[in-house]
Amino acid sequence: MPPPIRVELVPHDPQWAYDATTEQAKLQSLMGPCLVRVHHIGSTSISGIHAKPVIDLIPVVTTLDALDVRQHNLESDGYAWWGELGLPGRRYCTKTDPATGHRLVQLHCFANGSSEITRHLAFRDYLRAHAVIAHEYDHVKHHCQHLHPMNSHDYSDCKATWITRIEQEALRWYEALDIEKKK
């Protein structure tokens, strides 16, 4: 398990979208044809809220087996490979700046068609579309940071109940959008 990091929340930075795009291009080179697409998720993908300055990405891959044989490629680019890390069907990787020790990127890799991809995208898009809910999330994040400023694991646990509740709303909203698109 990666060690917990200090919880630093900073205002949204438009540079994060550029950083995500830059990392996506690197991942295409590292993963080759097993990479289907990459989604920028997490708080750095939602303008108007504070975030830990760590880019969260979902690389969608053809199969996890195809990704597993490219583990060395990711490690050679500075990623630490953590396997499923408690979430079956995922490969979790982190990249940390060797000079500062600050975490830069977190990869949540899933095979194409995984419901986990939909869950993450629904949550992201729901917050993007609902500023009041995004503001509420920002408040929850600050509360949890206040309680757990030095431990990102405890900080995440603190937010979990709120996130799970909103994810259910987000999934219903996301499914309704998908139905509307198909009409």
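Where is the place of His120? I found His120 in helix H4, residues 115-129. Helices here are DSSP runs of H or I with at least four residues, strands are E runs of at least two, and both are numbered from the N terminus.

Before going on, I noted that this is a predicted model, where local features need pLDDT of at least 70, side-chain atom pairs count only at pLDDT 80 or more, and totals for chains, interfaces and linings use all residues. Residues are numbered from 1 along each chain as its sequence is written, and side-chain values use heavy atoms, with hydrogens and water left out.

Next I looked up the neighbours of His120. Leaving aside residues up to four places away in sequence, His120 touches Ile41, Ile58 and Phe110; contact means heavy atoms within 4.5 Å. Ile58 sits 62 residues from His120 along the chain, yet I read 8.7 Å between their C-alpha atoms.

Then I turned to the whole chain. I counted six helices and five strands, and along the sequence they run α-β-β-α-α-β-β-β-α-α-α. The radius of gyration is 16 Å, close to the 16 Å from the globule rule for 183 residues, so the chain is as compact as a globular protein of that length. That radius is taken over C-alpha atoms, and the rule is 2.2 Å times the number of residues to the power 0.38.

I also checked contacts with a separation of 6 or more: 63% of them join residues 24 or more positions apart. Last, I noted that the C-alpha atoms fill a box of roughly 50 × 40 × 30 Å along the principal axes.
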